[in-house]
Amino acid sequence: MKNAITVKNLTKKYEGFQLNNISFEIPKGSIVGFVGENGAGKSTTIKAILGLLPVESGEIELLGHKIIKGDRETSFKEHIGVVFDESIFPGDLRVKYIHKVMRNVYVTWKDDRFCELIKKFQLPEEKKIKELSKGMKMKLSIAVALSHDSQLLILDEATSGLDPVIRDEILDIFREFIEDENHTVFLSSHIISDIEKAADYVMMIHKGELLFQENKDEMLYRYGIVRGSKEQINMIPKDLIAGKEEGDFGCSALVWDKGKLMNSGYMEKAAAAGSNKPVIDKAGLEDILLYIVKTKERK
Amino acid sequence: MDIIISNSSDRPIYEQITSQIKSMIMAGRLKEGDPLPSMRTLAKKLRISVITTKRAYEDLEREGFITTVVGKGSFVRAADLTLVREEKLKQIEDLLFKAVSLAGQSGIGRGEIEEILDILYQEGIES
């Protein structure tokens, strides 16, 4: 079993929105970031792969186990830790008593691991859950998810609404988690910088369609933004362009392989066509997403 | 062992890793049999993707600088160092040959070439 998650032809229809025939694979031992604007279908996808939603069609496997809605089989869930952006624990429960509940939920629950994480995350044991800050609640949910025999962590917007320091700590927890090559993290977020920092692969969804799934480092190295005059931008070979923007004072385009563009002799040709040479900048993940989405929306 | 990764560099991250490990091996700071951190540890510490460290280690292995033993990790393999050095010398010779013949064609004398070399070394680009 090479993949932690396999999804084939997943379709889910709502009024005015549909997840359209989505297929993807999440390889074991990696952190995969799932990005897209609000309402793009991230949460729907995550709920569907967890078997929490009835779907029109699609085959889903988590850790080699087929997911069927209403399935009573739960043993594979011992190995899946799920964190949503809202705390799921009763507000009046004190942090130090959570393990008493959870040890009856998971067969593989480890009290000592939980205590260790509570200390590491500096969570106040005496406090009631409703008294915790949002960041603390999130760390608590993650501590719970890591205190049973989880091999796959699935997080939906787990870092949104948290300050940069706590988000960074949480990313470190994920990095530590996947030091074991059988462990996998699948996280959705619209905080692109988190994904840029931590993910091995990036998967992007837009209006219910999966646009791409790529190796992040390679993507950041390859993509580039060309800025120049309108004629210069129009000279870029069409098959290299991933997105375009026209302004009053020059145009820019996102190319998916800047090395290829530079080797094609474009720079020399473009320089001859304008008073200045066009410039090629590195593209950040956020640039890449924005160019692609905006270009799609204009069509 | 320090590995410094620059995000603004034009070189891909895996290349930054391989070139730094290579120069540590060539300079003798890493010796034959020295263990390298596991790919996953290195990825975590450098806060980069494990795919990238994997690529770097695979390249180093292919070029004969390290060897990876399943279940044990990766180690420096120093056996072919003289060979590597020889190869680099040959590359340098080729490049200098080009430089010198270009200088000859353009009537630029040895003195000026030496001057350029001196300046380059002063600027410390050799590392």
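**View 1. Strands β12(A) and β13(A) (residues 250-255) run antiparallel, joined by 6 bridges.** Keep in mind that this is a predicted model. Look for E246(A), which sits opposite C251(A) of β13(A).

**View 2. Zooming out, chain A has an open sheet of 4 strands, ordered β12-β13-β11-β14, with antiparallel pairing.** At the edges you'll find β12 (241-247) and β14 (279-282) of chain A; each has a single partner strand, so one side of each has no neighbour in the sheet. On average, neighbouring strands here are turned by 20 degrees against each other, direction ignored. Helix α11 (residues 285-298) of chain A packs on this sheet, where it touches β11 (224-228), β12 and β13 of chain A. The direction of α11 makes about 80 degrees with that of β12(A).

**View 3. Over in chain B, helix α1 (residues 13-26) packs with helix α3 (residues 50-62) at an angle of about 45 degrees, the axes being 8 Å apart.** That angle makes α1(B) oblique to α3(B), and the crossing is right-handed. On the α1(B) side, the contact is made by I13(B), Y14(B), I17(B), T18(B) and I21(B). From α3(B) come T52(B), T53(B), R55(B), A56(B), D59(B) and L60(B). Sorted by class, this contact has 6 nonpolar, 3 polar and 2 charged residues.

**View 4. Where the two chains meet, chain B puts in 11 residues and chain A puts in 12 residues.** On the chain B side, the elements giving two or more residues are α2 (39-46) and α3 of chain B.

Key
Residues are numbered from 1 along each chain as its sequence is written. Chains are lettered from A and ligands numbered from 1 in the order in which they are written. This is a predicted model: local features need pLDDT of at least 70, side-chain atom pairs count only at pLDDT 80 or more; totals for chains, interfaces and linings use all residues. Axes are lines fitted to C-alpha atoms, for helices over the stretch in contact, and angles run from 0 to 180 degrees between N-to-C directions. Angles under 35 degrees count as roughly parallel, over 145 as roughly antiparallel, 65 to 115 as roughly perpendicular and the rest as oblique. A crossing is left-handed if the near helix is turned anticlockwise from the far one by less than a right angle, and right-handed if clockwise. Two residues are in contact if their C-beta atoms, placed from the backbone, lie within 7 Å. Ala, Val, Leu, Ile, Met, Phe, Trp, Tyr, Cys and Pro count as nonpolar, Asp, Glu, Lys and Arg as charged, and the others, Gly among them, as polar. Two strands pair if DSSP finds at least two bridges between them.
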